[in-house]
Amino acid sequence: MPDTWDTPLSADEIHVLAPFVTNLDRPIFGLRNLPEVVKGALFSRYSRSDKSLRRILLDEFMSAPEAGFAPLVDAALTDERQQMVVTQQAEAFYERVLIGYGDDSVAELGGAHVACESISNIAAKALEDSRIGINPLEKSTRYVAFDRQVNGCYRYYRPAELMASPHATRYVASMDRLFTTYSALMAPVLTYVRGHTPREAGTSLRAYNSATRARALDLLRGLLPMATLTNVGLYGNGRAFEYLLTKLAAAPQQELRELGQALQRELDQLIPAFVKRARTERGAAYARYIAANRAHVATLAHTLLPASQPAAVPAVQLVEFDPDAELKTVAAILYPHTNLPLEQVQAHVATLPPAERQRIITAFVGERGSRFHRPGRAFEETYYTFDLLADLGIYRDLQRHRMLTQERQPYGVQHGYVTPPDLVACGVAETFNAALEQAATTVTAIQADLPDVAPYAVPFAFRVRWRIKLNLREAYHLLELRSARQGHPGYRAIAQEMYRQISGVHPALAAGMRFVDLQDYALERLVAEQRLDAKLHARGEFDATADDTGIDGRGR
Ligand SMILES: Cc1cc2nc3c(=O)[nH]c(=O)nc-3n(C[C@H](O)[C@H](O)[C@H](O)COP(=O)(O)OP(=O)(O)OC[C@H]3O[C@@H](n4cnc5c(N)ncnc54)[C@H](O)[C@@H]3O)c2cc1C
């Protein structure tokens with residue numbers, strides 16, 4: 001049976017789908033024989049849909065006459081065998097070229113789209129930890145409700161090693177309670193949100209329902225454990241996939257190692273020459289190297305670091321910055337416009353009065369019409385190191401940035417959890433907190449015996465500590481994007497605070513961050529939804545009464 005939670009595929013559906021996916025019955029599968037734009041559009045639906053990609057392809061793409069799929073299906077069905085032969089021949093030829101060229105970067109020249117469905121959030125984060133060369137898109141906790149049950153079971157990962165242990169019953173009871181609470185609180189929280197932010201004249205029902213529902217799901221996402229099953233689509237190049245496969249092979253969790261093997265199987269059908277080294281002795285040796293070093297350093301950390309309580313530090317702490325940043329950045333701005341050596345430019349900039357330096361920075365930043373007008377590379381000259389302590393929901397969001405260095409500490413319950421003030425006002429905080437506290441007891445019990453799988457039971461409301469080292473250019477991007485009105489209030493607050501701290505130490509360099517939004521909003525998504533209304537109007541597709549979101553919101 002194809003999908004574990006979707007409507008089963010009929011024989012006809014299997015027939016038309018077969019040429020476009022690398023398998024029909026496993027949760028990890030690749031896309032093939034589809035135009036690039038269709039593959040991208042398919043993955044983008046993950047963020048708003050609870051459906052499997054195969055079901056989306058069938059229901060929303062193949063059956064939409066305007067998508068022009070009929071000739072594609074005919075061609076694929078006729079040519080499938082032919083295509084396989086051509087691909088195999090190309091692979092053989094490519095092997096010879098690759099050997100001749102001998103540079104790893106050749107493997108960046110081909111890519112693949114792979115769907116990873118029904119994976120835990122532990123696995124999703126491991127995939128998304130990739131930076132260069134891998135582009136993920138994940139099911140959103142804001143637009144999709146995670147209350148669905150399949151055969152009477154909530155959709156969370158049950159690690160084999162845990163289910164074979166004496167902790168199994170407790171784990172299941174604890175996770176069930178989180179999901180039951182999440183489902184039960186949805187209606188009262190939505191009623192509360194709608195009661196506190198009534199629809200204003202001029203706001204469509206569609207936009208209002210969508211924005212209020214997103215707000216309710218944002219408030220409740222803290223109950224979801226890291227075991228929550230999700231879908232992630234990955235587009236990546238061969239070289240990046242090879243490294244990802246190696247890292248997965250080195251992972252302590254069985255789920256991740258098996259995910260790596262499943263990915264390898266599908267990539268071997270799409271870009272075999274690019275990823276084959278991951279399954280050779282060379283790949284295995286690299287994975288052993290990663291695993292051995294991690295274990296060694298962990299032992300050293302446990303031995304050499306004091307076992308004392310963590311010091312109380314601000315949740316957002318700028319730990320390090322360059323006191324000479326302004327001088328170095330101004331020199332970097334001028335450098336491409338002269339033939340002088342860098343040291344000489346820096347020495348000259350040191351003699352300039354502050355007003356002159358500011359003039360140069362202002363000219364470099366220019367008239368920014370929007371946050372998309374980003375200053376250039378000279379802003380990569382200076383770095384900021386932040387230590388952050390925030391709930392896992394926020395970490396999950398901010399971890400998605402790639403042009404920086406991020407590393408986290410283990411997922412756990414030792415830093416406590418965050419209860420959104422709105423849940424207190426709504427009168428459901430006690431129920432919310434009780435579900436989290438019983439989960440914390442479960443995590444602690446499992447931790448003693450199975451430390452690598454205990455993190456599956458940690459709900460998103462619990463805090464995690466992580467560091468971010470980023471340059472000023474990425475800070476402009478990240479802080480303006482993540483403080484934008486439509487963002488989650490949790491990470492908006494962090495972005496606002498990071499901005500304040502950077503501005504505090506480098507006011508002249510931060511002055512150009514004009515699009516950091518320091519306001520608070522009751523309904524973050526409303527303006528974005530109203531913009532969507534305008535687009536629907538423009539395409540003649542607007543339905544003023546449409547409520548495509550209902551509280552279950554799974555349909556679209
Ligand atoms: C309101 C909001 C809702 C979101 N919803 C979802 C969701 O539902 N599902 C989901 O999966 N994600 C979601 N995201 C995350 C989003 O898709 C990005 O992964 C995340 O914001 C990182 O942004 P970025 O790629 O611009 O930044 P970074 O990764 O920090 O990169 C900085 C910049 O470098 C460039 N860059 C980086 N990598 C590449 C690359 N591979 N190719 C070309 N240019 C590159 C781009 O110009 C990019 O803006 C959401 C983000 C926001 C703000």
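I began with the ligand in this predicted model and counted 16 residues around the ligand. The closest are Ser47, Glu138, Ser140, His401 and Arg402. I then sorted the shell by class: 7 residues are polar, 5 nonpolar and 4 charged. Next I looked up which elements contribute, and found that β3 (134-138) and α19 (472-482) each supply at least two residues of the shell.

Lys139 was my next entry. I placed Lys139 in the loop between β3 and β4 (149-150). Is Lys139 buried or exposed? I found 23 other C-beta atoms within 10 Å of Lys139; the cut-off for buried is 20 or more, so Lys139 is buried. I also listed the contacts of Lys139, leaving aside neighbours within four places in sequence: Tyr46, Ser47, Val144, Thr230 and Asn231. Ser47, one of these contacts, is also among the closest residues to the ligand. As a distance check I took Gly412, which is 273 residues from Lys139 along the chain. The C-alpha atoms of Lys139 and Gly412 are separated by 23 Å.

I turned to the strands and followed β8 (residues 383-391). With β7 (residues 316-321), β8 pairs in the antiparallel sense over 5 bridges. In this pairing I noted Phe321 opposite Tyr384 of β8. I then looked up β10 (residues 463-471), which runs antiparallel to β8 and is joined to β8 by 9 bridges. Here I noted that Asp387 stands opposite Arg467 in β10. My note on β8 therefore has two antiparallel partners, β7 and β10, as a strand pair needs at least two bridges.

Terms used:
Residues are numbered from 1 along each chain as its sequence is written. This is a predicted model: local features need pLDDT of at least 70, side-chain atom pairs count only at pLDDT 80 or more; totals for chains, interfaces and linings use all residues. A residue is near a molecule or strand if its C-beta atom, placed from the backbone, lies within 6 Å of it. Helices (H or I, at least four residues) and strands (E, at least two) are DSSP runs, numbered from the N terminus. Ala, Val, Leu, Ile, Met, Phe, Trp, Tyr, Cys and Pro count as nonpolar, Asp, Glu, Lys and Arg as charged, and the others, Gly among them, as polar. A residue is buried if 20 or more other C-beta atoms lie within 10 Å of its own, exposed if 12 or fewer, and partly exposed in between; C-beta atoms are placed from the backbone. Two residues are in contact if their C-beta atoms, placed from the backbone, lie within 7 Å.
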